Amino acid sequence: MPEKNIATWNAMVTGSIQFECNEDGLSFFREMHQSCFMPDEFALASVLRGCAGLRALYAGRQVHGYVMKCGFEFNLVVCSSLAHMYMRTKSLDEGEKVIKAMPILTVVAWNTLIAGKAQNGYSEGVLQLYKMMKMSGSRPDKITFVSVISSCSEIAILGQGQQIHAEALKSGACSDVAVSSSLIGMYSKCGCLEASLKVFSEHENGDDVLWSSMIAAYAFHGQGEEAIHLFEEMQGRGLEANEVTFLSLLYACSHCGLRKKGMELFEMMEKQCGLKPSVQHYTCMVDLLGRSGCLSEAEDMIRSMRVKPDAAIWKTLLSACKINKEADMAQRIAEEVLRLQPQDSSSYVLLANAHASAGRWKDVSEVWKAMRDKNVKKEPGVSWLEIKNQVHQFCMSDKYHPEYEKIESYLKELIAEIKKKKGYVPDTASVLHDMGVEEKEYNLTHHSEKLAVAFALMHTPPGMPIRIMKNLRICGDCHAAFRCISEVRNSEIVVRDGSRFHHFRNGKCSCGDYW
């Protein structure tokens, strides 16, 4: 163009960033400034979105200074984008200051603040802000509900999630596919697969995101056949599967022992759908092979794959070594993990597990010594559950709980009952310390998830499902005990551990003990 004006410069800045060419957008903005053109509020908002997309905090702060020089510091559009930039670059305090300085807190401003908290893992703070937003008179919209429902998913609080679902229904937001996808995820992560399916069935014309969400829900709950069936129906409707869909399918196959189907889907992903597998897809395949006992094949896959292996994929193989009691291979694979994450406590624990399963207590002691020498702390197991909208948390041998003595007494009777009626025998091999049998049994009895189940049975009506969440993987002994308890107490026990969901009913688990 022989002459450029403010409109053409603004068009290039906003257009570039709209199509996620963030670096080009910032470059155009720099040239615009050098040509002495003053951007309008929409160009400034776009530039800030570009900084957010690049996670460029330093550049964002420079633009913030420019905003103040131009007199836009109280403009609602610019301030919302400025706060969004700070939130996306993990500068939550600066983002909150911008929003609190705004003359009016609009729905957009509230959404920016709530989404920022949600994206940075402050789930409880999100729920508090949601209450404040309603008290201020602002009406939540579909964007608000997506963030708030996702936060309920993260901390698995079903009661509050159901209340927010009701509010979303009243506002009409549930007609939005993004809100429904969030609800499917929330109910799934709270252990209510039936509720997820109900939400899904209410959308006859859902998009690929909605279908992928339901496939992920089935996968997370160990319903591999159902996930595959839904995928085939999705294909029949002409909906395109994306990388997330295949990740859920491969995850489902790995947790249900569907090795042949998993291999087919992995091949289909690239050859038929043109999607390149990421390290996460390869991790699912390594898990699938490892659970099938094909450890050498799994290691070959890691060493020959086209993407750089991360610590997670090596850790997956290390876990398979523990399951298959391959202590020597575990030692070698642990070195690969610790080379990438030298302070990762779970890798040491997995290695100690592998040695313990082989009865190599000297090697177990050496692992604990290495942890002490490197000041690596083992992550404590924590279990929690929600009763009457109140969250109760338990740690191993949690003597600080106000009802600890009652819980311990009840648990002692319960363990004695399942020993007598179901022939339960504590799996002392799960204890990673060389100690006496009685000490090992005491240790196993006081795992956080057993304390949580005992507390739930004491405080819930007979026949009501019990839902327990745990940060780490459930141990083999607790898994066996819960199968017995579910039959003796005629209760459904749902446990979400660090890997998946387990539904215990009538002495059986949904995972088919393929956990």
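**Close-up 1. Tyr-282 and its aromatic partner Phe-266 in a predicted model**. At 6% relative accessibility, Tyr-282 is counted as buried in this predicted model, because the cut-off for that word is a relative accessible area under 20%. Phe-266 is likewise buried, with a relative accessible area of 14%. The rings of Phe-266 and Tyr-282 form an edge-to-face aromatic pair, with 5.3 Å from centre to centre and 65° between the planes. Since Phe-266 belongs to helix 16 (residues 259-271) and Tyr-282 to helix 17 (residues 279-291), the pair ties together parts that are 16 residues apart in sequence.

**Close-up 2. The packing of helix 14 and helix 16**. Helix 16, which carries Phe-266, packs with helix 14 (residues 224-236) at an angle of about 30°, and the axes of these two helices are 13 Å apart. Helix 14 is therefore described as roughly parallel to helix 16, a term that applies to angles under 35 degrees. The crossing of helix 14 and helix 16 is left-handed.

**Close-up 3. An aromatic pair formed by Phe-220 and Phe-501**. A search of the whole structure finds 8 aromatic pairs. In one of them, the ring centres of Phe-220 and Phe-501 are 5.2 Å apart and the ring planes stand at 80°, so this pair is edge-to-face. The pair links distant parts of the chain, for Phe-220 lies in helix 13 (residues 208-220) and Phe-501 in strand 5 (residues 501-505), 281 residues apart. Phe-501 is buried, and its relative accessible area is 0%.

Close-up 4. Strands of a sheet pair through backbone hydrogen bonds, and they may do so either parallel or antiparallel. Within this sheet, strand 1 (residues 382-387) and strand 3 (residues 466-470) run antiparallel and are joined by 2 bridges. The bridge partner of Trp-384 is Met-469, which lies in strand 3.

**Close-up 5. A charged end over an aromatic ring**.

Key: Residues are numbered from 1 along each chain as its sequence is written. This is a predicted model: local features need pLDDT of at least 70, side-chain atom pairs count only at pLDDT 80 or more; totals for chains, interfaces and linings use all residues. Side-chain values use heavy atoms; hydrogens and water are left out. Two strands pair if DSSP finds at least two bridges between them. Helices (H or I, at least four residues) and strands (E, at least two) are DSSP runs, numbered from the N terminus. Rings of Phe, Tyr and Trp (its six-membered ring) pair if their centres lie within 6.5 Å; planes under 30 degrees apart count as stacked, over 60 as edge-to-face and the rest as tilted. Buried means under 20% relative accessible area, exposed over 50%, partly exposed in between (1.4 Å probe, protein chains only). A charge sits over a ring if NZ of Lys or CZ of Arg is within 6 Å of the ring centre and within 35 degrees of the ring normal. Axes are lines fitted to C-alpha atoms, for helices over the stretch in contact, and angles run from 0 to 180 degrees between N-to-C directions. Angles under 35 degrees count as roughly parallel, over 145 as roughly antiparallel, 65 to 115 as roughly perpendicular and the rest as oblique. A crossing is left-handed if the near helix is turned anticlockwise from the far one by less than a right angle, and right-handed if clockwise.
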